[in-house]
Amino acid sequence: MPMNETSPARPPISPASWWRAATIVCLLLMATATATGVSMYEQFKAQIQHLQTKLQSTAQIKYIAVLLDDSQAPALLVTLDPQDGALQLQRLNSVTEGREDSMQLWALPASGDPRSLGVLESSGKTLRLGANDKTLADVPQLAISVENKGGVAQGKGPRLPYLFKGAVVQKAL
């Protein structure tokens, strides 16, 4: 082609070509956004499952009581986890029962006679007694008495005075 000749002019790009290119770009963006959204949804779902599993395995203490001795020093911590189905008792002092004695836990309802919740069989620092969600529902106080080995017979009350006594607090979950 000689120098003085001009190159043939290209036809101008039509508006339809611009719209076609813009549509392709928008479709690619929408596909990317959809893939990202689905991925994030799956990640959030997995996180929620993990947290729910962790929450179920974490103790959900509903009731708590600190039993005090005569000098108002803490002697025993009592907690109830309804999921666990047990009262957990933790000794906070060094008082233990003698060879011929047993410590017995009592529920002291607002009205009526004391109700035995069990005998503390071990002299260990932490003890467990079977219980359910309703065990402490109407109980404002707990107490510990010292009884003859094996505890008081069913239907009988404790020997007084109580060794330790304390209020039961219902904790908001």
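Predicted model: local features only at pLDDT ≥ 70, side-chain atom pairs only at ≥ 80, totals over all residues.
Glutamate 147 is buried, because its relative accessible area is 2% and the cut-off for buried is under 20%. Strand 7 is where glutamate 147 sits. Now show side chains. The side chain of glutamate 147 forms a polar contact with the side chain of serine 145, at 2.4 Å. Then display the surroundings of glutamate 147. Beyond its neighbours within four places in sequence, glutamate 147 is in contact with Glu100, Asp101, Ser102, Gln104, Trp106, Val152, Pro158 and Arg159.

From that list, pick glutamine 104 next. Glutamine 104 belongs to strand 4. Is glutamine 104 buried or exposed? Glutamine 104 is buried, with a relative accessible area of 2%. Look for its side-chain partner. A polar contact of 2.7 Å joins the side chains of glutamine 104 and serine 116. Residues up to four places away in sequence aside, glutamine 104 touches Ser116, Gly118, Val119, Ala143, Ile144, Ser145, Glu147, Gly151 and Val152.

Next stop: the nonpolar cores. The largest nonpolar core has 23 residues. Which of these touch the most other members? Select Leu67, Leu87, Leu89, Leu105, Leu136 and Leu142. Colour the strands that give two or more residues to this core: strand 1 (63-68), strand 2 (74-81), strand 3 (86-91), strand 4 (101-108), strand 5 (115-120), strand 6 (126-130), strand 7 (141-148) and strand 8 (164-170). Strand 2 gives the most, with 4 residues. In soluble globular proteins, nonpolar side chains tend to be buried together.

Centre the view on leucine 87. Not counting residues up to four places away in sequence, leucine 87 touches Val78, Thr79, Leu80, Leu105, Leu117, Leu127, Arg128, Leu129, Ala131 and Leu136.

How many cavities of 30 Å³ or more does a search of the whole structure find? The search finds 1. The largest cavity has a volume of about 30 Å³. The lining divides into 5 nonpolar residues, 1 polar and 1 charged.

Arg91 is one of the residues touched by serine 122. Serine 122 also touches Glu97 and Leu127, residues up to four places away in sequence not being counted. Serine 122 is in the loop between strand 5 and strand 6. Serine 122 counts as partly exposed, at 32% relative accessibility. Draw a C-alpha distance from serine 122 to glutamate 97. The pair are 9.7 Å apart in space and 25 residues apart in sequence.

Move to the loop between strand 1 and strand 2, where glutamine 72 is found. Check the backbone there. Phi of glutamine 72 is near 65°, a positive value in a residue other than glycine. Glutamine 72 is exposed, because its relative accessible area is 54% and the cut-off for exposed is over 50%.

Last, go to helix 1 (residues 15-57) and select alanine 46. With 44% relative accessibility, alanine 46 is partly exposed. Draw a line from alanine 46 to isoleucine 144. Their C-alpha atoms are separated by 47 Å, and the two residues lie 98 residues apart along the chain. Isoleucine 144 is one of the residues that glutamine 104 touches.

Definitions and conventions
Residues numbered from 1 in each chain as written. Heavy atoms only, no water. 1 Å grid on protein atoms, 1.4 Å probe; cavity = no way out; pocket = protein on both sides within 12 Å on 5 of 7 lines; lining within 4 Å. Points joined across faces, edges and corners; volume = space filled by probe spheres on them. Nonpolar A, V, L, I, M, F, W, Y, C, P; charged D, E, K, R; others polar. Core = buried A, V, L, I, M, F, W, Y, C linked by side-chain atoms within 4.5 Å. Buried < 20%, exposed > 50% of the residue type's maximum accessible area, 1.4 Å probe, protein only. Contact = heavy atoms within 4.5 Å. Polar contact = N/O pair within 3.5 Å; in protein donor to acceptor, adjacent residues only side chain to side chain.
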